[in-house]
Amino acid sequence: MKFGIVESKDISAAREISGEITKFLDVKGHEIVRERFGGCDVVLSLGGDGTLIHAACANIEANVPFFGINAGTLGFLTAAEASEWQEAVNKIIKSDYVISERMTIEASIVDGSPFDIAQGRQLTPLRPAAPDFAGRAVDSFRAVNEIVVKGMYRVVSLAILVNDQRFLTITGDGVLISTPTGSTAYSLSSGGPIVDPEVDCLLVTPINAVGLPIPSVVLPSDDVIEIDVTQGDDVSLVVDGQEHVKVQKSQRVKVTKGRYRVKFGYFDKHHFLKALNAKFGLALRQ
């Protein structure tokens, strides 16, 4: 088999496990690559959920299943714990696993207010590139968990359209648009529901809205969501908690279902429900 390996550079345990797995696979005669995963049978992600999400998202066009080995903290999306790596690798070699395909979302920054659509005015086309905080030119963004539009230091006002229809106005810290995979991450801590990743949908969750609480809303996955910055000079688009891009007033962020799906590998078809109990202890709550 051809194995890809990606490891967290910030977790020493991940580096140690990487060395052990490399020796183990070498002895068994398997091929190992550490970049350009096209043609791999599987990719092992050594670290936490962040490592797994970033690696799977960055290499999504390789169409390869990613198996997370948790060397971090929570490890909700990973398939096995660090101490179980050898058992996990042996199961992979025997093809004793299942694949969970997860939807992604894509976001782009467009000049002009989305309310111009409803009023029949022509919008400025998508800008060829928007600078991120590092000054790189980026025109679109892909997320496995969520995209967030939020104020960095002050309260902001956001106007939201769904399929060109006025939907919601939020004044507060911001709003996040989540996939079912991301429903157990930032969305959950902001009051959103837990959604089985086998269900394709979009979650819209306000973040610390001013005044009466605004509930999270679950929408069909083929809806088009547009977020207009109506007030706020320090607004950012945050992608899976990693990429940060400035969004100017009167610009809008357009969010749609992603063109690609990520593949996560597990050793139990009921992994999601078991992970909920293992990580959150739901079965033990009264």
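This is a predicted model: local features need pLDDT of at least 70, side-chain atom pairs count only at pLDDT 80 or more; totals for chains, interfaces and linings use all residues.

Student: OK. How many helices and strands are in the protein chain?

Tutor: The protein chain has six helices and 19 strands. Helices (H or I, at least four residues) and strands (E, at least two) are DSSP runs, numbered from the N terminus.

Student: And what share of the residues is buried?

Tutor: Of the 286 residues in the protein chain, 50% are buried. Buried means under 20% relative accessible area, exposed means over 50%, and partly exposed is in between (1.4 Å probe, protein chains only).

Student: What about contacts along the chain?

Tutor: Take contacts between residues at least 6 apart in sequence: 70% of them join residues at least 24 apart. Contact here means heavy atoms within 4.5 Å.

Student: Let's do strands. Which residues of E11 are buried on each side?

Tutor: On one side of E11 (residues 156-162), Val 156, Leu 158, Ile 160 and Val 162 are buried, and on the other Ser 157, Ala 159 and Leu 161 are. That makes seven of its seven residues buried. In a regular strand the side chains alternate between the two faces of the sheet.

Student: Which strands pair with E11?

Tutor: E11 runs antiparallel to E16, with six bridges, and antiparallel to E12 (residues 165-172), with seven bridges. Two strands pair if DSSP finds at least two bridges between them. Ser 157 has Gln 231 in E16 as its bridge partner, while Val 162 stands opposite Gln 165 in E12.

Student: What sits between E11 and E12?

Tutor: The hairpin has two residues between the strands, and Asn 163 takes a positive phi near 55° there. Asp 164 is in the loop between E11 and E12 and has a positive phi of about 70°, although it is not a glycine. With 36% relative accessibility, Asp 164 is partly exposed.

Student: Back to E16. Why is it called largely enclosed?

Tutor: Five of the seven residues of E16 (residues 225-231) are buried, so the strand is largely enclosed by the rest of the structure. E16 is also joined by four bridges to E19 (residues 251-266), and those two run antiparallel. In that pair, Ile 227 stands opposite Val 253.

Student: New topic: the nonpolar core. Which residues touch the most other members?

Tutor: The largest nonpolar core has 41 residues, and Ile 21, Leu 44, Leu 46, Phe 66 and Phe 264 touch the most other members. Elements giving two or more residues to this core include helix H1 (12-27), strand E3 (42-47) and helix H2 (49-58). A second, separate core of 29 residues includes Phe 141, Ile 177, Ile 227 and Val 247. A nonpolar core is a set of buried Ala, Val, Leu, Ile, Met, Phe, Trp, Tyr and Cys residues joined through side-chain atoms within 4.5 Å.

Student: What does Ile 21 touch?

Tutor: Leaving out residues up to four places away in sequence, Ile 21 touches Ile 5, Leu 44, Leu 46 and Trp 85.

Student: And H2, what do its buried residues pack against?

Tutor: They pack against E1, E3, E4, E9 (141-143) and E19. Seven of the ten residues of H2 are buried, so the helix is largely enclosed by the rest of the structure. Among the buried ones are Asp 49, Leu 52 and Cys 57.

Student: You promised a cavity. Which residues line the largest one?

Tutor: Its lining is Ala 56, Asn 59, Ile 60, Asn 63, Val 64, Phe 66, Arg 261, Val 262 and Lys 263. A cavity is a set of points on a 1 Å grid over the protein atoms alone where a 1.4 Å probe fits but cannot get out, and lining residues have an atom within 4 Å of a point.

Definitions and conventions. Residues are numbered from 1 along each chain as its sequence is written. Side-chain values use heavy atoms; hydrogens and water are left out. On a 1 Å grid over the protein atoms alone, a cavity is a set of points where a 1.4 Å probe fits but cannot get out, and a pocket is an open set with protein on both sides within 12 Å along at least five of seven lines; lining residues have an atom within 4 Å of a point.
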